[in-house]
Amino acid sequence: MSDTLSRHSEAGVSMILLVTRHVMQDLEGEEMAAGKLKKAMEGYVKEEENLIEGKKVLKEMKNRLSKVRGGDWPDVEKEYRQLVNSKKEKVVVENHQWWKKLEEALQVEDKDGNDQIESGDDDLEMTQVERNTVCPISRREMVKPVKNILCGHVYDKGSMEALLNQNPRSRCPVVGCPNKAFVVRTNLREDKETKRAIAMKKVK
């Protein structure tokens, strides 16, 4: 049972870290979203620590009961509660590896943003060269680039809107895209990097 709960917690943590990366890369209002993600992670960390402590208590209970003779059985529930209370320690969430991973994920976007500011025009020009600014749907220069957060591909917003109006069950139009989910508007986010690359082209 405890192993199953641990697996559920690990799956939940993985989902939080994945959502965090998307939030920091694609969404506005990051601070509010980050606060909610931290709250969720705190719950998983405390749950995991409680499971670990529970395993220790059950192991000690088993050892104690194995030494009981005849009918001298104690009040098992009372013994269990006493053991839990005696071994209960304050959970320092910030020291847990899951929390540290979340902090790293939250800091990635800030670091990237600072690096771009400090690097100057040379890096911006490199970004413009490396980043594709042509819409895979219209085959024209994008005006309002949006990124599909499920696969990372970028399209022009107007072209994608037209495609979805024509067929609401459209999948990512990029050839070879492994994402088989239908494109939905809630998964499309403004792509600031591509927008910056387009702006640099116009300056030249």
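These are my notes on what I looked up in this structure, which is a predicted model.

**Confidence.** I began with the pLDDT values. The chain has a mean of 75, and 67% of its residues reach 70 or more. I found the lowest confidence in helix α5, residues 121-130, with a mean of 45. Strand β2 has the highest, at 95. I also noted that pLDDT is below 50 over residues 109-129. That stretch has 14 contacts in the model beyond near neighbours in sequence.

**Sheet.** Next I looked up the strands. Three of them form an open sheet, in the order β2-β1-β3, with antiparallel pairing. I listed β2 (154-156) and β3 (188-190) as the edge strands, since each pairs on one side only. On average, neighbouring strands of this sheet are turned by 40° against each other, direction ignored. I then checked the pair β1 and β2. Strand β1 covers residues 145-148, and three bridges join β1 to the antiparallel β2. Which residue of β2 is the bridge partner of Val 146? I found Tyr 155.

**Helix on the sheet.** I turned to helix α6, residues 157-166, which packs on the sheet. Helix α6 touches β1, β2 and β3. The direction of α6 makes about 85° with that of β2.

**Val 175.** Last, I looked up a loop residue. Val 175 lies in the loop between α6 and β3.

Key:
Residues numbered from 1 in each chain as written. Predicted model: local features only at pLDDT ≥ 70, side-chain atom pairs only at ≥ 80, totals over all residues. Heavy atoms only, no water. Pairing = 2+ DSSP bridges. Helix = DSSP H or I, 4+ residues; strand = E, 2+ residues; numbered from the N terminus. Axes fitted to C-alpha atoms, helices over the stretch in contact; angles between N-to-C directions. Contact = heavy atoms within 4.5 Å. pLDDT = per-residue confidence, 0-100.
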